[in-house]
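Biologist: Hi! Could you walk me through this one while I have it open?
Modeller: Happy to, here it is.

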Amino acid sequence: MLCLWGLSIPVVLAENPTITEVQREFFETKIRPVLADQCLECHNSIDKKKGGLALDWSQPSRQGGDSGKVIIPGDPDNSLLIQSIRHQAGVESMPDKSPKLVDSVIADFTKWVRMGAPDPRHTQPTASEKSRSQLGRMCGTSVKNGGPSKR
Ligand code: HEC
C-alpha cells in the first residue's frame, strides 16, 4: 500500500494539478452517479465502447471517441459530450434510447466542463467495480436471482 501511494501521487498531480476538494466533491455527487446510471452501460472500457468512447475513468474520457475529444476543459459549448446531452442539432443525442437528462443535470455537466472537467478517476475500474457501479440502477428495478438482498 505504501509503495502504491508513492507511485500514484505524482501521477495524480501530473494529470490533474488543480483538482480541489470542492471539485472532487462536485464530481462525486453530481457527475459520477449520472455517468454510472445513464452512460457507462454503453460507454465503458471493459465491455462496451459505443462511438469509441469510454467514460468510466479519466484517461479515455479525456481522450474522447471516434469524433475525437468530447470534453474540451473550460469550453462546454464546444464539447461534444455537452452538445450531445443538450440534444444540439447535428449531433447524436445522448443518452441514446433514453429520455433527455433533466435541465439541472445538464447544467451540472456544463458547470463541470467549465471548471475544467476535474476527474478524480485515475485508474481503470475492474470488471467487478464496473458491475458494482451499476448496482444502484439494477437494485432499483429487478435483482432477483442471487442478487444482493438488504436483509
Ligand atoms: C444505449 C446506449 C447508449 C447510452 C446509454 C449512451 N450512449 Fe453515447 N453513444 C451511443 C452510441 C451507439 C454512440 C455512437 C453514435 C454514432 O456515432 O452513430 C454514442 C456516441 C456518443 C458520443 C460521441 C462519441 C464520438 O466520439 O463520436 C458521446 C459524446 C456520447 N455518446 C456521450 C454519452 C453520454 C454523456 C451518455 C450518458 C448521458 C451516453 N452517451 C449514453 C450509445 C449510448
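Modeller: One cut-off before we start: a residue is buried if 20 or more other C-beta atoms lie within 10 Å of its own, exposed if 12 or fewer, and partly exposed in between. Also keep in mind that this is a predicted model.
Biologist: Where does Gly65 lie?
Modeller: In the loop between α3 (58-63) and α4.
Biologist: And what is Gly65 in contact with, leaving aside neighbours within four places in sequence?
Modeller: Gly51, Gly52, Leu53 and Val70. For Leu53, the C-alpha to C-alpha distance to Gly65 is 4.1 Å, although the two are 12 residues apart in sequence.
Biologist: Let's move to the ligand. How many residues surround the ligand, and which are the closest?
Modeller: There are 24 residues around the ligand, and the closest are Cys39, Cys42, Gly51, Gly65 and Ser67. The elements that give two or more residues to that shell are α2 (21-39) and α4 (80-85). The largest share, 4 residues, comes from α4.
Biologist: How do the shell residues divide into nonpolar, polar and charged?
Modeller: The shell around the ligand has 9 nonpolar, 9 polar and 6 charged residues.
Biologist: You mentioned Cys42. Where is Cys42 found?
Modeller: Cys42 sits in the loop between α2 and α3. Cys42 counts as partly exposed because it has 18 C-beta neighbours inside 10 Å. Not counting residues up to four places away in sequence, Cys42 touches Lys48, Lys50 and Asp96.
Biologist: How far is Cys42 from Ala54, C-alpha to C-alpha?
Modeller: The separation is 8.1 Å, for two residues 12 apart along the chain.
Biologist: Zooming out, how many helices and strands does the protein chain have?
Modeller: The chain has 7 helices and 0 strands. Of its 151 residues, 19% count as buried. Among contacts between residues at least 6 apart in sequence, 56% join residues at least 24 apart.
Biologist: OK, pick a helix. What does α5 look like?
Modeller: Helix α5 covers residues 103-114, which is 12 residues, and reaches 16 Å from its first C-alpha to its last, close to the 16 Å expected at 1.5 Å a residue.
Biologist: Which residues of α5 are buried?
Modeller: The buried ones are Phe109, Trp112 and Val113. They cover an arc of only 95 degrees around the axis, so they are on the same side of α5.
Biologist: Why would residues three or four places apart point the same way?
Modeller: An α-helix has 3.6 residues a turn, so residues with that spacing point the same way.
Biologist: What is exposed on the other side of α5?
Modeller: Asp103 and Ser104 are exposed there.
Biologist: And what covers the buried residues of α5?
Modeller: The cover includes α2 and α4. Taking Val113 on its own, and leaving aside neighbours within four places in sequence, its contacts are Ile71, Pro73, Pro76, Ser79 and Ile82.
Biologist: Which residues touch the most other members in the largest nonpolar core?
Modeller: Out of 19 residues in that core, Leu81, Phe109, Trp112 and Val113 touch the most other members. The elements giving two or more residues to this core are α2, α4 and α5. In soluble globular proteins, nonpolar side chains tend to be buried together.
Biologist: Now the backbone. Where is there a cis peptide bond?
Modeller: A cis peptide bond joins Met94 and Pro95, with omega at about -5 degrees. Pro95 is in the loop between α4 and α5.
Biologist: Which residue other than glycine has a positive phi near 55 degrees?
Modeller: That is His87, which also lies in the loop between α4 and α5. His87 is partly exposed because 13 other C-beta atoms lie within 10 Å.
Biologist: And what about phi of Ala117?
Modeller: Phi of Ala117 is near 50 degrees, a positive value in a residue other than glycine. Ala117 is in the loop between α5 and α6 (127-133). With 24 other C-beta atoms within 10 Å, Ala117 is buried. Just after α5, Gly116 takes a positive phi of about 105 degrees.

Definitions and conventions:
Residues numbered from 1 in each chain as written. Predicted model: local features only at pLDDT ≥ 70, side-chain atom pairs only at ≥ 80, totals over all residues. Near = placed C-beta within 6 Å. Nonpolar A, V, L, I, M, F, W, Y, C, P; charged D, E, K, R; others polar. Contact = placed C-beta atoms within 7 Å. Expected span 1.5 Å × (residues − 1). Arc of directions from axis to C-beta. Core = buried A, V, L, I, M, F, W, Y, C linked by C-beta atoms within 7 Å.
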